[in-house]
Each structure stands twice: as C-alpha cells, then as structure tokens.
Amino acid sequence: MEAVLTAAVALLDEAGASALTFRALAARLGTGVGTIYWYVSNKDELFDRATDHAIGGVLAAVEDQPETADPIDDLRVMAVALFDAIVDRPWLSAYFMRNTDVQGNSLRLYEKLGQQTLRLDLTPRERFHAVSAVTGVVVGTAADLGAEIPQELLDGEVGRDEYLDRYAQSWRSLDAGEFPFVRQIADEFAGHDDRDQFLAALELTLAGLRLQAGPGPGPR
C-alpha cells in the first residue's frame, strides 16, 4: 500500500489530479491495473488515501512541534505548516478532510488544531467555528494560489509583476467616486506577496479568536 500511495502522490505532484488514473498508476508501478484494486476500491478512495498519505508529513511536523504557553501561537504554527503543504501540492485542497473515515491523518491533524482551542475559554460552538475559520483561511487561500495559472504566465510571455500591474493600471484609471477602495489599493495589489497576504488573513482570524477567548480562567 505504501508503494501505491507514494506513486499516486508523485503523479499528482507532477501533473495534478488529471494525471492520476489507475492505468497511469499501474504503469508507474510496473504492474497491472487489477493489482491496484487490491488496495483501493475506486478512484475516489485512491484520491482520499493519496491525500491522507501526503498529510501524514504535515501531521508529523506538527506533532514534533513543542507546545508553548500560548495556544494561539501554536495554532498559527500548525496553520502555516498546512498552508505550505497545500501551496506545494495544490491538489490537496480539493480532497483534504473530504472523507475522514479514510483520511485518518487528516482527522488527527484537525484534532491537533482543535486541541489548541481546548486551552482557551470558549464554548464547543466557538471552538468549532474557530477551527473552521482557520482551516477555511488556510485551505481557501492555498487553493486560490493553486488555481490554474494564465497561459501567458506559463509560457513566460509576461512575468508575474507585469501581469499584476496590468490590472493595477486599469484600477488606477477607474472613477474615484465609484471605486475609491479599488483605486486606493491598486499599488498594494500590484506588488503584493501571496504568502504575506495569507499571513495577514491568518493574523486577522487569530486576533479575532484571541479577543473572543479573552482573559478568562480557562477552558469551559
């Protein structure tokens, strides 16, 4: 099973979800398609298990991280580790936590995130919403960064900065009365760093969580 999942992840890393077929996987392993069915019953299960295999690396890194006195700081470290993994492997965003009956590593990682909220003065509902918000920022932002890249960027016809500045220039020319916000942030958009943008969104989410938890006496 380990060899099957390692090969499946390699195919996904190389060319995305469209590359992972039973035929391609069998060819990579030097075996017949029928052999793959000894390990997984269908393509959905294959994707879920490949995702869980990849998430295992994130879980290991999170488990190796020593706990600090601040659960929100610990939550930040875990969130960034998951974000970096999905940015490196954009296909993960579509399958993470899709089927926790199969994805044991994903469920354990979700549990590790949630355990940090147990150290805060929050209700169960607030904890659920907090972890949902954090994972939403992580997975949603990483998925957006992994969206299909415009062909002219892939072909090298334009660079990233030139591509972004094209839109920024058009925003600068908009009517100031109708689009005051868009005009004001045009320069920020033109030179923005994607990871900095993610970290800012994460900080806003965690700051809200810290305010909600307050200086209370502990978990409830």
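Entry 1, contacts and fold. I looked up the contacts in the chain with a separation of 6 or more, and residues 24 or more positions apart account for 64% of them. I note here that the model is predicted. Next I listed the secondary structure and found twelve helices and zero strands. Read along the sequence, the pattern is therefore α-α-α-α-α-α-α-α-α-α-α-α.

I fitted a box along the principal axes, and the C-alpha atoms of the chain fill roughly 65 × 55 × 25 Å. Of the 220 residues, 35% count as buried. The chain exposes about 12200 Å², and I note that carbon and sulfur atoms supply 54% of this area.

I have 19 positive and 35 negative side chains for the chain. The centres of the two sets lie 5 Å apart.

I checked the length of α7, which takes in residues 124-145. At 1.5 Å a residue, its 22 residues should span 32 Å, and the end C-alpha atoms are 32 Å apart, so the two values agree. I then asked which residues of α7 are buried. The list holds Arg127, Ala130, Val131, Val134, Thr135, Val137, Val138, Val139 and Ala142. Seen down the axis of α7, the buried residues fall within an arc of 165°, so they line one face of the helix. The background is that an α-helix has 3.6 residues a turn, so residues three or four places apart point the same way. On the other side of α7, I found Arg125 and Asp144 exposed. I also looked up what covers the buried residues of α7, and the cover includes α5 (71-88), α6 (104-117) and α12 (194-213).

Met97 sits in the loop between α5 and α6.

I placed Glu45 in helix α4, residues 43-64. Glu45 has a relative accessibility of 16%; buried means under 20%, so Glu45 counts as buried. I then asked which residues Glu45 touches, not counting those up to four places away in sequence. With that exclusion, Glu45 touches Tyr39 and Val40.

Key
Residues are numbered from 1 along each chain as its sequence is written. This is a predicted model: local features need pLDDT of at least 70, side-chain atom pairs count only at pLDDT 80 or more; totals for chains, interfaces and linings use all residues. Side-chain values use heavy atoms; hydrogens and water are left out. Helices (H or I, at least four residues) and strands (E, at least two) are DSSP runs, numbered from the N terminus. The expected span of a helix is 1.5 Å times one less than its number of residues. Buried means under 20% relative accessible area, exposed over 50%, partly exposed in between (1.4 Å probe, protein chains only). The arc is that of the directions from the helix axis to the C-beta atoms. Contact means heavy atoms within 4.5 Å. Accessible areas come from the Shrake-Rupley method with a 1.4 Å probe; for residues, only the protein chains shown count as cover. Lys and Arg count as positive and Asp and Glu as negative; His and the chain ends are not counted. The place of a charge is taken as NZ of Lys, CZ of Arg, CG of Asp or CD of Glu.
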